[in-house]
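Keep the viewer open as you read.

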Amino acid sequence: GQASNDEGLVLLDGDVSVQKDGVPEFIAAAPDVMGEIAHISPTKQRSATIVAVGELKILRFNWSALLAAAQQSLGAEEVQQFTSALQEYAWNHFTE
């Protein structure tokens, strides 16, 4: 189904096709983190579209709840490091 614009996914089992304009399609396998990365992106733009390739086992979460928990538990610099690491992880899919 369609993800909400606040939904993140942890791919626990299975494969997904990752599609982005200007980049060859590739298959990502579990374990992986994906979903609406735009929620944490400074540009607020989606990085790609994912499509299931067969059956998946996923764990859904909300980016806003995750970021709120990080802000309650971490200092401002650590929150910035956390979101930067997630952004880098998302973009590394296209540079490897």
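Start with confidence: of the elements in the protein, strand β3 (residues 32–35) comes out with the lowest mean pLDDT, at 82, while β4 has the highest, at 91. That matters here since what you're looking at is a predicted model. Across the protein the pLDDT averages 82, and 79% of the residues score at least 70.

Now the layout. The protein has four strands and two helices, and from the N terminus they come in the order β-β-β-β-α-α. How does that chain come back on itself? Take the contacts with a sequence separation of 6 or more: 69% of them are between residues 24 or more positions apart. Of the 96 residues, 30% count as buried.

Next, go inside. The largest nonpolar core has six residues: L9, L11, V16, V18, A28 and M34. Strand β1 (residues 7–20) is the biggest giver, with four residues in this core. To see the surroundings from one spot, pick V16. Skipping neighbours within four places in sequence, V16 touches L11, F26, I27, A28, M34, I50, V51, A52, V53 and L56. Three of the core's other members, L11, A28 and M34, turn up in that list.

Stay on β1 for a moment and find D13, which lies in that strand. Again leaving out neighbours within four places, D13 is in contact with A30, E55, L56 and K57. L59 is 46 residues away from D13 in sequence, and their C-alpha atoms are 9.9 Å apart in space.

P31 sits in the loop between β2 (23–29) and β3.

In general, side chains of opposite charge can pair when their charged atoms come close. Is E7 buried or exposed? With a relative accessible area of 12%, E7 falls under the 20% cut-off and therefore counts as buried.

Then come the helices. In helix α1 (residues 63–73), the buried residues are W63, L67 and A70. Looking down the axis of α1, you'll find these buried residues within an arc of 60 degrees, so they line one face of the helix. On the face turned away from the buried side, α1 carries the exposed residues Q72 and S73. And what does the buried side pack against? The buried residues of α1 pack against β1, β3, β4 and α2 (76–92).

For a view from the other helix, look at F82, which is found in α2. Leaving aside neighbours within four places in sequence, F82 is in contact with L66, L67 and A70. Two of these, L67 and A70, are among the buried residues of α1. F82 and A70 are 12 residues apart along the chain, with 8.3 Å between their C-alpha atoms. F82 itself counts as partly exposed, because its relative accessibility is 27%.

Notes:
Residues are numbered from 1 along each chain as its sequence is written. This is a predicted model: local features need pLDDT of at least 70, side-chain atom pairs count only at pLDDT 80 or more; totals for chains, interfaces and linings use all residues. Side-chain values use heavy atoms; hydrogens and water are left out. Buried means under 20% relative accessible area, exposed over 50%, partly exposed in between (1.4 Å probe, protein chains only). Contact means heavy atoms within 4.5 Å. A nonpolar core is a set of buried Ala, Val, Leu, Ile, Met, Phe, Trp, Tyr and Cys residues joined through side-chain atoms within 4.5 Å. pLDDT is the predictor's confidence in each residue, from 0 to 100. The arc is that of the directions from the helix axis to the C-beta atoms.
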